Amino acid sequence: MLTFLLKSEEETYRFGSSLADKISAGDVITLSGQLGSGKTVLARGLIQTHLNSNEYIPSPTFNLVNIYDSKKPTIWHFDLYRLKNPIEIEELGLDEALADGVTLIEWPEKALEYIPNNVLNIKINTHRETNQRQIQLIESTLWFNRIKEFKFLFESL
Ligand SMILES: Nc1ncnc2c1ncn2[C@@H]1O[C@H](COP(=O)(O)OP(=O)(O)O)[C@@H](O)[C@H]1O
Ligand SMILES: [Mg+2]
């Protein structure tokens, strides 16, 4: 596990950006943390940088998934907060996402039984007094070697 301190929205965005050239088809990244902790900001940094575009990346709050396929691999950005039943994640196209996309999932807790084991879980905690964010990267075995590079990457941010 690695932890980082992010002092501003900008830093959260940059953290996401820096992940963009580390991802490849089949990757699954889950984003955990309370409402307003910065999950969408981080995803936005990753997606905009991957697309190399200023296209606004909205939160998938109501549609539950947004798909970005203008550049491969396709990014599937899920927000499961409003999922009523875990099985609904199948109707949103999860299998297709996992098959050859990059899958980003806010609120994975809402459908845990459908989330694969080999994920990188990014956990965001808000520090009550300073309002800064502490980020924990909790890696599955598949990610164990990959996240070692991240340490150096983020130290240089
Ligand atoms: N490192 C940070 N320090 C302070 N505020 C932050 C930081 N990162 C994000 N924020 C703020 O937190 C909010 C996060 O919103 P959002 O990403 O939509 O949260 P979530 O998707 O987790 O519900 C934004 O208002 C943003 O300005
Ligand atoms: Mg969000």
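Which helix holds Glu96? Glu96 lies in helix 4 (residues 94–100), where helices (H or I, at least four residues) and strands (E, at least two) are DSSP runs numbered from the N terminus. The model is predicted, so that local features need pLDDT of at least 70 and side-chain atom pairs count only at pLDDT 80 or more, while totals for chains, interfaces and linings use all residues. Residues are numbered from 1 along each chain as its sequence is written, and chains are lettered from A and ligands numbered from 1 in the order in which they are written.

**Glu96**
- Glu96 counts as partly exposed because it has 13 C-beta neighbours inside 10 Å (buried means 20 or more other C-beta atoms within 10 Å of its own, exposed 12 or fewer, partly exposed in between, with C-beta atoms placed from the backbone).
- The C-alpha atoms of Glu96 and Trp76 are 9.4 Å apart, with a separation of 20 residues along the chain.

**Ligand 1**
- Around ligand 1 there are 19 residues, of which Glu9, Thr12, Gly38, Lys39 and Thr40 come nearest (a residue is near if its C-beta atom, placed from the backbone, lies within 6 Å).
- Helix 1 (9–19) and helix 2 (39–51) are the elements that give two or more residues to this shell.

**Strand pairing**
- Strand 7 (residues 133–139) pairs with strand 1 (residues 2–6) in the antiparallel sense over 5 bridges (pairing requires at least two DSSP bridges), and Thr3 stands opposite Gln136.
- Strand 6 (residues 120–126) runs antiparallel to strand 7, joined by 7 bridges; Leu120 has Glu139 as its bridge partner.
- Strand 6 and strand 7 form a hairpin with 6 residues between them, and Asn131 in the turn has a positive phi of about 70°.
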